[in-house]
Amino acid sequence: MIVRRGGSQDVPFLRDMLRHAYYWRADEAFEDEEPLSRYVMGWGRPGDTALVAIDGGNRVGAAWYRLFTSEHPGFGYVDDETPELAIAVVPSRRGKGLGSKLLEALMAKARDEGYGQLSLSVEADSPAVDLYARNGFEQVSESDHSWTMLAKL
């Protein structure tokens with residue numbers, strides 16, 4: 001498996017990965033995607049950074065972050081200087097350490113780019129909470145069964 005920098009050509013894949021990240025329960029129907037589009041719409045703004053995992057020539061996961069503003073926040077918004085991350089692995093590849101590798105690589109990238117912290121939003125009962133906690137994320141707020149978590153870099 002290799003991890004490469006993502007670009008505008010990966011936006012359709014990132015959009016697919018958003019569905020996996022936000023609708024991780026197999027029985028949950030897709031809702032209106034408008035709130036999710038904020039994580040990929042107009043990709044290529046300053047601060048947009050993505051990593052894509054490739055295995056056997058196929059994209060199998062992605063992790064990315066972007067900056068939001070108080071006027072147009074993401075679900076895990078904490079301030080205008082803290083990028084919010086999103087991460088997902090295709091369902092057939094989960095539980096094999098791929099999410100950990102992507103998260104660690106993205107956190108290193110954010111550190112290299114001079115960011116002091118990263119935020120995210122996750123449902124409180126998501127299996128990903130343990131992954132985030134192992135990587136230094138701590139809950140800073142809760143809203144509607146979702147947590148905003150923050151990691152210092």
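Apart from neighbours within four places in sequence, G116 makes contact (heavy atoms within 4.5 Å) with A151, K152 and L153. This is a predicted model, in which local features need pLDDT of at least 70, side-chain atom pairs count only at pLDDT 80 or more, and totals for chains, interfaces and linings use all residues. Residues are numbered from 1 along each chain as its sequence is written, and side-chain values use heavy atoms, with hydrogens and water left out.

**Confidence**
- The protein has an average pLDDT (the predictor's confidence in each residue, from 0 to 100) of 90, and 92% of the residues score at least 70.
- Over residues 24–32 pLDDT stays under 50, and the model has 15 contacts beyond four places in sequence for these residues.

**G116 and its setting**
- G116 belongs to the loop between helix 3 and strand 5; helices (H or I, at least four residues) and strands (E, at least two) are DSSP runs, numbered from the N terminus.
- Because its relative accessible area is 49%, G116 is partly exposed; buried means under 20%, exposed over 50%, and partly exposed in between, with a 1.4 Å probe and protein chains only.
- A separation of 22 Å lies between the C-alpha atoms of G116 and W43, which are 73 residues apart along the chain.

- The expected span of a helix is 1.5 Å times one less than its number of residues.
- For the 12 residues of helix 1 (residues 11–22) this gives 16 Å, which agrees with the 16 Å between its end C-alpha atoms.
- In helix 1 the buried residues are V11, F13, L14, M17, L18, R19 and Y22.
- Helix 3, with 15 residues, should span 21 Å, and its end C-alpha atoms are 21 Å apart, in agreement.
- Buried residues of helix 3 include L98, G99, L102, L103, L106 and A110.

**Nonpolar core**
- A nonpolar core is a set of buried Ala, Val, Leu, Ile, Met, Phe, Trp, Tyr and Cys residues joined through side-chain atoms within 4.5 Å.
- The largest nonpolar core has 44 residues, of which L18, W64, L85, L102, L103, Y132 and F137 touch the most other members.
- Among the elements that each supply at least two residues of this core are helix 1, strand 3 (58–66), helix 3 (98–112) and strand 7 (146–152).

**Loop between strands 6 and 7**
- Most residues other than glycine have a negative phi.
- D144, in the loop between strand 6 (138–143) and strand 7, has a positive phi of about 50 degrees although it is not a glycine.
- D144 counts as exposed because its relative accessibility is 68%.
- H145 is found in the loop between strand 6 and strand 7, and its phi is positive, near 70 degrees.
- With 66% relative accessibility, H145 counts as exposed.
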